[in-house]
Amino acid sequence: RKFEVAKMFGADYTVDYNKEGWEEQVKKFTPKGKGVDVVFDPVGMVNTSLSCTGWSARIIIVGFAAGTIEKVAMNRVLLKNVSLLGLHWGSYTKEAPELVEKVWEGLFQLIREGKFKGSVCTDYKFQGLESVSEALAMLGRRETWGKAVVSVPQAGESKL
(Lines give C-alpha, C1' and ligand atoms only; values in the text may rest on other atoms or scores of the structure.)
Protein backbone atom coordinates (compact mmCIF):
# COMPACT_ATOMS: atom_id res chain seq x y z
CA ARG A 1 0.00 0.00 0.00
CA LYS A 2 2.88 2.41 0.72
CA PHE A 3 4.03 2.18 -2.90
CA GLU A 4 0.52 3.03 -4.09
CA VAL A 5 0.37 6.03 -1.74
CA ALA A 6 3.85 7.21 -2.81
CA LYS A 7 2.81 7.11 -6.48
CA MET A 8 -0.42 8.93 -5.59
CA PHE A 9 1.76 11.73 -4.19
CA GLY A 10 3.93 11.85 -7.32
CA ALA A 11 6.71 9.28 -6.91
CA ASP A 12 8.08 8.06 -10.22
CA TYR A 13 9.66 4.94 -8.72
CA THR A 14 9.30 2.92 -5.55
CA VAL A 15 11.76 0.54 -3.91
CA ASP A 16 11.34 -1.87 -1.02
CA TYR A 17 14.39 -1.24 1.17
CA ASN A 18 13.67 -4.47 3.05
CA LYS A 19 14.62 -6.49 -0.03
CA GLU A 20 18.25 -7.35 -0.68
CA GLY A 21 19.85 -5.37 -3.50
CA TRP A 22 17.53 -2.37 -3.30
CA GLU A 23 20.52 -0.03 -3.64
CA GLU A 24 21.32 -1.35 -7.13
CA GLN A 25 17.66 -1.03 -8.10
CA VAL A 26 17.77 2.64 -7.08
CA LYS A 27 20.89 3.25 -9.17
CA LYS A 28 19.14 1.77 -12.22
CA PHE A 29 16.58 4.57 -12.00
CA THR A 30 19.28 7.23 -12.41
CA PRO A 31 20.99 8.36 -15.63
CA LYS A 32 23.75 5.90 -16.55
CA GLY A 33 23.28 4.24 -13.15
CA LYS A 34 25.37 6.94 -11.46
CA GLY A 35 23.27 7.08 -8.28
CA VAL A 36 20.99 9.62 -6.65
CA ASP A 37 21.84 13.22 -5.83
CA VAL A 38 19.86 13.51 -2.57
CA VAL A 39 18.78 11.04 0.12
CA PHE A 40 16.22 12.10 2.73
CA ASP A 41 16.78 9.69 5.62
CA PRO A 42 14.26 9.63 8.49
CA VAL A 43 15.05 5.99 9.26
CA GLY A 44 18.80 5.76 9.93
CA MET A 45 20.14 4.05 6.82
CA VAL A 46 23.12 6.23 5.91
CA ASN A 47 25.49 3.31 5.36
CA THR A 48 23.25 1.54 2.89
CA SER A 49 22.21 4.83 1.29
CA LEU A 50 25.86 5.55 0.51
CA SER A 51 25.73 2.54 -1.83
CA CYS A 52 23.18 4.23 -4.09
CA THR A 53 24.42 7.83 -4.03
CA GLY A 54 26.28 9.45 -6.86
CA TRP A 55 29.35 11.65 -6.76
CA SER A 56 28.89 14.75 -4.59
CA ALA A 57 25.47 13.65 -3.31
CA ARG A 58 23.82 14.90 -0.14
CA ILE A 59 22.30 12.74 2.60
CA ILE A 60 19.89 14.61 4.84
CA ILE A 61 19.54 12.85 8.19
CA VAL A 62 16.32 13.73 10.00
CA GLY A 63 15.84 10.79 12.35
CA PHE A 64 16.52 7.26 13.45
CA ALA A 65 13.11 5.59 13.17
CA ALA A 66 14.84 2.21 12.79
CA GLY A 67 16.02 2.63 16.37
CA THR A 68 19.76 2.39 15.71
CA ILE A 69 22.27 5.23 15.74
CA GLU A 70 24.67 4.35 12.94
CA LYS A 71 28.44 4.52 12.83
CA VAL A 72 29.48 5.66 9.36
CA ALA A 73 32.86 4.93 7.79
CA MET A 74 34.04 8.39 6.79
CA ASN A 75 36.28 7.04 4.02
CA ARG A 76 33.11 6.13 2.08
CA VAL A 77 31.82 9.68 2.53
CA LEU A 78 35.15 11.16 1.43
CA LEU A 79 35.66 8.93 -1.63
CA LYS A 80 32.26 9.89 -3.06
CA ASN A 81 32.49 13.54 -1.93
CA VAL A 82 29.17 13.09 -0.12
CA SER A 83 27.78 15.74 2.22
CA LEU A 84 26.01 14.58 5.36
CA LEU A 85 23.52 17.06 6.79
CA GLY A 86 21.81 16.55 10.12
CA LEU A 87 18.51 18.39 10.41
CA HIS A 88 17.00 18.63 13.90
CA TRP A 89 14.02 20.93 13.44
CA GLY A 90 13.19 20.87 17.15
CA SER A 91 16.45 22.65 17.97
CA TYR A 92 15.69 25.65 15.76
CA THR A 93 13.53 27.32 18.45
CA LYS A 94 16.63 27.50 20.65
CA GLU A 95 19.51 27.75 18.16
CA ALA A 96 18.00 29.80 15.30
CA PRO A 97 14.61 31.16 16.43
CA GLU A 98 14.70 33.86 13.75
CA LEU A 99 14.29 31.15 11.10
CA VAL A 100 11.25 29.40 12.59
CA GLU A 101 8.65 31.96 11.50
CA LYS A 102 10.28 32.28 8.08
CA VAL A 103 10.15 28.51 7.52
CA TRP A 104 6.50 28.31 8.61
CA GLU A 105 5.61 31.21 6.30
CA GLY A 106 7.30 29.40 3.41
CA LEU A 107 5.50 26.15 4.24
CA PHE A 108 2.10 27.86 4.43
CA GLN A 109 2.81 29.54 1.08
CA LEU A 110 3.52 26.15 -0.51
CA ILE A 111 0.24 24.84 0.95
CA ARG A 112 -1.70 27.83 -0.43
CA GLU A 113 -0.13 27.25 -3.86
CA GLY A 114 -1.06 23.57 -3.76
CA LYS A 115 2.61 22.55 -3.93
CA PHE A 116 2.58 20.78 -0.57
CA LYS A 117 -0.08 18.48 0.84
CA GLY A 118 0.11 16.72 4.16
CA SER A 119 -0.92 13.09 4.33
CA VAL A 120 -2.96 11.32 6.99
CA CYS A 121 -3.12 7.54 7.01
CA THR A 122 -6.78 6.78 6.31
CA ASP A 123 -6.42 2.99 6.23
CA TYR A 124 -7.02 2.74 9.99
CA LYS A 125 -9.22 4.63 12.44
CA PHE A 126 -7.67 5.26 15.83
CA GLN A 127 -10.47 6.41 18.16
CA GLY A 128 -9.92 7.47 21.77
CA LEU A 129 -6.92 7.31 24.06
CA GLU A 130 -7.31 3.53 24.36
CA SER A 131 -6.14 3.24 20.71
CA VAL A 132 -2.83 5.07 21.29
CA SER A 133 -0.89 1.88 22.08
CA GLU A 134 -2.11 0.17 18.88
CA ALA A 135 -1.34 3.29 16.81
CA LEU A 136 2.20 3.40 18.23
CA ALA A 137 2.68 -0.33 17.66
CA MET A 138 1.59 0.03 14.03
CA LEU A 139 3.99 2.96 13.59
CA GLY A 140 6.77 0.82 15.03
CA ARG A 141 5.97 -1.98 12.59
CA ARG A 142 5.80 0.57 9.74
CA GLU A 143 2.26 -0.43 8.85
CA THR A 144 1.02 3.14 8.47
CA TRP A 145 1.81 5.87 5.96
CA GLY A 146 1.65 9.62 6.43
CA LYS A 147 0.52 10.74 9.85
CA ALA A 148 -1.30 8.32 12.13
CA VAL A 149 -3.95 10.41 13.88
CA VAL A 150 -5.70 9.43 17.10
CA SER A 151 -9.12 11.09 17.42
CA VAL A 152 -10.00 11.99 21.00
CA PRO A 153 -13.65 12.73 21.87
CA GLN A 154 -14.32 16.41 22.44
CA ALA A 155 -16.63 18.01 25.02
CA GLY A 156 -20.04 16.40 24.85
CA GLU A 157 -18.67 13.29 23.13
CA SER A 158 -17.11 11.63 26.18
CA LYS A 159 -17.89 7.99 26.89
CA LEU A 160 -17.94 8.73 30.65
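Reply: The chain holds seven helices and five strands, where helices (H or I, at least four residues) and strands (E, at least two) are DSSP runs numbered from the N terminus. From the N terminus on, the order of the elements is α-α-β-α-β-α-β-α-α-β-α-β. The model is predicted, so local features need pLDDT of at least 70 and side-chain atom pairs count only at pLDDT 80 or more, while totals for chains, interfaces and linings use all residues. Residues are numbered from 1 along each chain as its sequence is written, and side-chain values use heavy atoms, with hydrogens and water left out.

Me: What makes Thr 53 count as buried?

Reply: Buried means under 20% relative accessible area, exposed means over 50%, and partly exposed lies in between (1.4 Å probe, protein chains only). Thr 53 has 1% relative accessibility and therefore counts as buried. This residue is found in strand S2 (residues 53-61). Not counting residues up to four places away in sequence, Thr 53 touches Lys 34, Gly 35, Val 36, Val 39, Ile 59, Lys 80 and Val 82, a contact being heavy atoms within 4.5 Å. Over the chain, buried residues make up 22% of the 160 residues.

Me: Why is Ile 60 called partly exposed?

Reply: The relative accessible area of Ile 60 is 21%, so the residue is partly exposed under the limits already given for that class. Ile 60 also has its place in strand S2. Its contacts, not counting residues up to four places away in sequence, are Val 38, Val 39, Phe 40, Asp 41, Leu 85 and Leu 87. Ile 60 and Leu 85 are 25 residues apart in sequence and 4.8 Å apart in space, C-alpha to C-alpha.

Me: What makes Lys 147 exposed?

Reply: Lys 147 has a relative accessible area of 58% and is therefore exposed. The residue lies in the loop between H7 and strand S5 (150-151).

Me: Which phi values do Lys 32 and Ser 56 have?

Reply: Lys 32 has a positive phi of about 55° although it is not a glycine. Ser 56, likewise not a glycine, has a positive phi of about 65°. Lys 32 lies in the loop between H2 and S1 and is exposed, because its relative accessible area is 88%. Ser 56 lies in strand S2 and is partly exposed, because its relative accessible area is 33%.

Me: What lines the largest pocket, and what is its volume?

Reply: A pocket is an open set of points on a 1 Å grid over the protein atoms alone, where a 1.4 Å probe fits, with protein on both sides within 12 Å along at least five of seven lines; lining residues have an atom within 4 Å of a point. The largest pocket has a volume of about 2100 Å³, a volume being the space filled by probe spheres set on the points, which are joined across faces, edges and corners. Of its 40 lining residues, the closest to the centre are Lys 2, Tyr 17, Phe 40, Pro 42 and Val 43. Helix H1 (2-8), helix H2 (22-28), strand S1 (36-41) and helix H7 (132-140) each give two or more residues to this lining, and S1 gives the most, with five residues.

Me: How do you know that the lining of the second largest pocket has no polar and no charged residues?

Reply: The second largest pocket is lined by Phe 40, Trp 89, Val 103, Trp 104 and Leu 107. Ala, Val, Leu, Ile, Met, Phe, Trp, Tyr, Cys and Pro count as nonpolar, Asp, Glu, Lys and Arg as charged, and the others, Gly among them, as polar. By these classes the lining has five nonpolar, no polar and no charged residues. Helix H6 (residues 97-112) supplies the largest share, three residues.
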